[in-house]
Amino acid sequence: MQARGLSRRFGNLLAVDNVDLTVGRAQVYGFLGPNGSGKSTTIRMLCGLLSPSAGAIEVLGLQVPQQAEQLKRRIGYMTQKFSLYEDLSVQENLEFLAAVHDLPRARARTRIAGLLQRYWLTERRNQLAGTLSGGQKQRLALAGAVLHEPELLFLDEPTSAVDPQSRREFWDSLFQLADAGTTILVSTHYMDEAERCHRLAILDQGRLVADGAPRELCAALPYAVWLVDCAAPRRAQQALQDQPGIVALAQIGAELRVLAAREGWDAASLQHRLGDCGIAATVRRGEANLEDVFVAATQKPVRPAATGAAA
Ligand SMILES: Nc1ncnc2c1ncn2[C@@H]1O[C@H](COP(=O)(O)OP(=O)(O)OP(=O)(O)O)[C@@H](O)[C@H]1O
């Protein structure tokens, strides 16, 4: 799947701004970004549901949106909102979808039985979909999205309403699908999910601000992570927050996590600055994680730290 110069305008709002993307076959490709950054709009354009204002899209060798009709048969799409029929049973929902996809009756029967089993829904097959739990609904929605064996699956925040255990099981199912050759593009707000993707794109205000394997993105972070251990992390946060070169501060338990420009800050200068504010602290180097990458990529530009001036 490839997109070049992809843009979408809604009136005066440029919701997606000149995005280039390449997603390889059988990859689990993650989409991260703050609310309103253009993830859903991009996904909807890639699967042919929405026309771009500019740009070119090729998916499974087809031009989109021109050949969207042909593409429909080869993709699955699942959104955060449960879109199956609540007043049909689990089995009836899947039978209905099999009819929509024109699956021959015998194939539909085996496929539905197989999916009910794979997604732990066999015992629930006669239950109305509306009465399922959040996790069960997601599993049913996934079964519905893959019923016709699509080569490519678009998932727009599929786990937004499910508990951690169900999210984990859902992701195991995604990897089973990827192992069997399905390409998956999935948007998420969860860092642990993003961490599991083969590759990630981070969108901010419609622009692609980072793209790479999670480990590569962490290694390429142009800032240093420092962990401040002190009795008053809130006060330490206040003492550092307006300092030039400080990119982000977050209290994690009793510690303060500091993302800072490499030039101008080190353990000694941070400790010195806190000492000047009457805060005794020990500072040690931390490992960059995806949350640091996300925060750095989606924040306003930082004022550079003048060497020595901050201490
Ligand atoms: N049909 C539409 N008409 C007008 N504006 C729209 C339309 N669809 C999306 N937008 C706007 O485009 C921007 C991007 O929205 P989009 O839903 O793509 O973001 P998102 O990254 O998926 O957000 P979230 O994480 O909250 O789901 C938002 O400002 C949204 O209000």
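Does Leu-60 count as buried, exposed or partly exposed, and how many C-beta neighbours does it have inside 10 Å? Leu-60 has 16 such neighbours, so it counts as partly exposed. (A residue is buried if 20 or more other C-beta atoms lie within 10 Å of its own, exposed if 12 or fewer, and partly exposed in between; C-beta atoms are placed from the backbone.)

This is a predicted model: local features need pLDDT of at least 70, side-chain atom pairs count only at pLDDT 80 or more, and totals for chains, interfaces and linings use all residues. Residues are numbered from 1 along each chain as its sequence is written.

**Domains and their contact**

- The protein splits into domain 1 (2-213) and domain 2 (221-298), with bounds that come from an automatic or database domain assignment.
- Between the C-alpha centres of domain 1 and domain 2 the distance is 38 Å.
- Nine residues of domain 1 and six residues of domain 2 make the contact. (Two residues are in contact if their C-beta atoms, placed from the backbone, lie within 7 Å.)
- On the side of domain 1 that touches domain 2, helix H7 (191-196), strand E9 (199-204) and strand E10 (207-212) each supply at least two residues. (Helices, H or I of at least four residues, and strands, E of at least two, are DSSP runs numbered from the N terminus.)
- H7 gives the most to that side, with three residues.
- By class, that side of domain 1 has seven nonpolar, no polar and two charged residues. (Ala, Val, Leu, Ile, Met, Phe, Trp, Tyr, Cys and Pro count as nonpolar, Asp, Glu, Lys and Arg as charged, and the others, Gly among them, as polar.)
- Ala-297 belongs to helix H11 (residues 290-298).
- Ala-297 is partly exposed, because 19 other C-beta atoms lie within 10 Å.
- Leaving aside neighbours within four places in sequence, Ala-297 is in contact with Ile-202, Asp-204, Val-209 and Ala-210.
- Ala-297 and Leu-208 are 89 residues apart in sequence, yet 9.5 Å apart in space, C-alpha to C-alpha.

**Annotated region**

- An unreviewed UniProt entry carries the annotation "domain: ABC transporter" over residues 1-230. (UniProt positions are given in the numbering used here, feature names are shortened, and annotations may be inferred rather than shown by experiment.)
- Residues 1-230 are 34% helix and 29% strand, and the end C-alpha atoms are 49 Å apart.

**Ligand shell and helix H1**

- Around the ligand stand Phe-10, Leu-13, Ala-15, Gly-33, Asn-35, Gly-36, Ser-37, Gly-38, Lys-39, Ser-40 and Thr-41. (A residue is near a molecule or strand if its C-beta atom, placed from the backbone, lies within 6 Å of it.)
- Strand E2 (13-22) and helix H1 (39-46) are the elements that give two or more residues to this shell.
- H1 gives the most, with three residues.
- The shell has three nonpolar, seven polar and one charged residues.
- Seven of the eight residues of H1 are buried, so H1 is largely enclosed by the rest of the structure.
- The buried residues of H1 are Lys-39, Ser-40, Thr-41, Thr-42, Ile-43, Met-45 and Leu-46.
- Gly-48 follows H1, with a positive phi near 85 degrees.

- Leu-185 sits in strand E8 (residues 183-187).
- Leu-185 is buried, because 27 other C-beta atoms lie within 10 Å.
- Beyond neighbours within four places in sequence, Leu-185 is in contact with Val-23, Tyr-29, Phe-31, Ile-43, Leu-46 and Phe-154.

**Helix H10**

- Helix H10 (residues 267-276) has Ser-269, Leu-270, Arg-273 and Leu-274 buried.
- Seen down the H10 axis, the buried residues fall within an arc of 135 degrees, so they line one face of the helix. (The arc is that of the directions from the helix axis to the C-beta atoms.)
- Exposed Ala-268 and Asp-276 are on the face turned away from the buried side of H10.
- The cover over the buried residues of H10 includes strand E11 (223-230), helix H9 (233-240), strand E13 (255-261) and strand E14 (281-286).

**Backbone details**

- Leu-60 lies in the loop between strand E4 (54-59) and E5, and its phi is positive, near 50 degrees.
- The peptide bond from Val-64 to Pro-65 is cis, with omega near 10 degrees.
- Pro-65 is in the loop between strand E5 (62-64) and helix H2 (68-72).
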